Amino acid sequence: MEISFIIPCYNEDPEVLNNTVHKLKTVLDGVPELNYEIVVVNDGSTKHNYRNFDENNVILISHPNNRGYGASLVTGIFAAHYEWIGIVDADGTYPVEHFPELIKHADNYDMIVGKRDWGDIQLLRRGPKFLLQKVASFIADYDIPDLNSGMRLFKKNIVQSYIKLFPQRFSFTTTITMICLTNFYRVQFIDIPYYKRVGAASSISPIKDTIRFFSLVFRLGLYFKPLRFFIPLSTVTFILAVVRGIRDVFIADHIGGLSLVLFFMAFQIFFFGLIAEIINKK
């Protein structure tokens, strides 16, 4: 098997980065019949230049300025020589020693995701992550145990087929999860531990980036499964129309204008959903 491993890096302490790469190489060297390469993408770091990067046989690519986590992964993926891609963060939070377990499932799946335990995730992030995961699960019609884990294996052609949908910032993993689960790719989730971050604090904004994640999930839902949005919205509008109509009949002895507007809106929303679904299937 042949895998290209991508490690995005932005202002990471060189010692932390070297330690992550060294650990990964040690683990991968122990996997029989595995050909691999490691691509480190320096995303325009301003604190370190990594010129003294001391790991042999590692490709180092540098962006001239900061473009974002997603852009770094795409850069690494298009520079990769192999058809399978592995990704992991540089900060030591993910257990690279579990990659052999993920690799074992590559023959039967299109993407294998390292699933973190809720107890390992920061308390302040659990609420937004839980709600986001439930919304994404509803849209995908699949119980997603970890929407945006940064440790996974997947086939390169998935990204190549949907390259225009991938954002430059932190939503790459959310995007590829939604793409796979709404387009009949085979996905497996494998339990992994999740460690405390080494080095500087994460640059993810709990409020701003959570809003971006929700926006992305809704956008992908409208793109891939429009009826999962339009039917519930149409149903709610229809119920409101019925309730309002009953109220009008009992109070005013006729159906009022608002009730009629709600009825028409319910049917319009439903047919918009049908049209969107037909366009999506072409």
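## A pair of strands to start from

I112 stands opposite Q188 in β7. The strand β5 covers residues 111-115, and its pairing with β7 is parallel, running over five bridges. Two strands are said to pair here if DSSP finds at least two bridges between them. Helices and strands themselves are DSSP runs (H or I and at least four residues for helices, E and at least two for strands), numbered from the N terminus.

Before going further, a word on what you are looking at: this is a predicted model, in which local features need pLDDT of at least 70 and side-chain atom pairs count only at pLDDT 80 or more, while totals for chains, interfaces and linings use all residues. Residues are numbered from 1 along each chain as its sequence is written, and side-chain values use heavy atoms, with hydrogens and water left out.

## The sheet and its helices

The sheet is open, with seven strands in the order β3-β2-β1-β4-β6-β5-β7 and mixed pairing. At its edges are β3 (58-62) and β7, each of which pairs on one side only. From one strand to the next, the twist averages 25°. Angles run from 0 to 180 degrees between N-to-C directions, and axes are lines fitted to C-alpha atoms, for helices over the stretch in contact.

Helix α1 packs on this sheet and touches β1, β2 (35-42) and β3, its direction making about 170° with that of β2. Helix α2 (residues 69-79) also packs on the sheet, touching β1, β2, β3, β4 (84-87) and β6 (152-155), and its direction makes about 150° with that of β1. A contact means heavy atoms within 4.5 Å.

## Residues worth a second look

N11 is not a glycine, yet has a positive phi of about 55°. N11 sits in the loop between β1 (2-9) and α1 (14-29), and is buried, with a relative accessible area of 15%. Buried means under 20% relative accessible area, exposed over 50%, and partly exposed in between (1.4 Å probe, protein chains only).

F184 is not a glycine either, and its phi is positive at about 65°. F184 is found in the loop between α6 and β7 (187-191) and counts as exposed, at 76% relative accessibility. E101, in helix α3 (residues 99-103), counts as partly exposed at 34%. The C-alpha atoms of E101 and D191 are separated by 9.8 Å, although these residues lie 90 apart along the chain.

## The whole chain

The protein has nine helices and seven strands. Of its 282 residues, 47% count as buried. Among contacts between residues at least 6 apart in sequence, 74% join residues at least 24 apart. The protein exposes about 14,800 Å², with carbon and sulfur atoms supplying 59% of it; accessible areas come from the Shrake-Rupley method with a 1.4 Å probe, and for residues only the protein chains shown count as cover.
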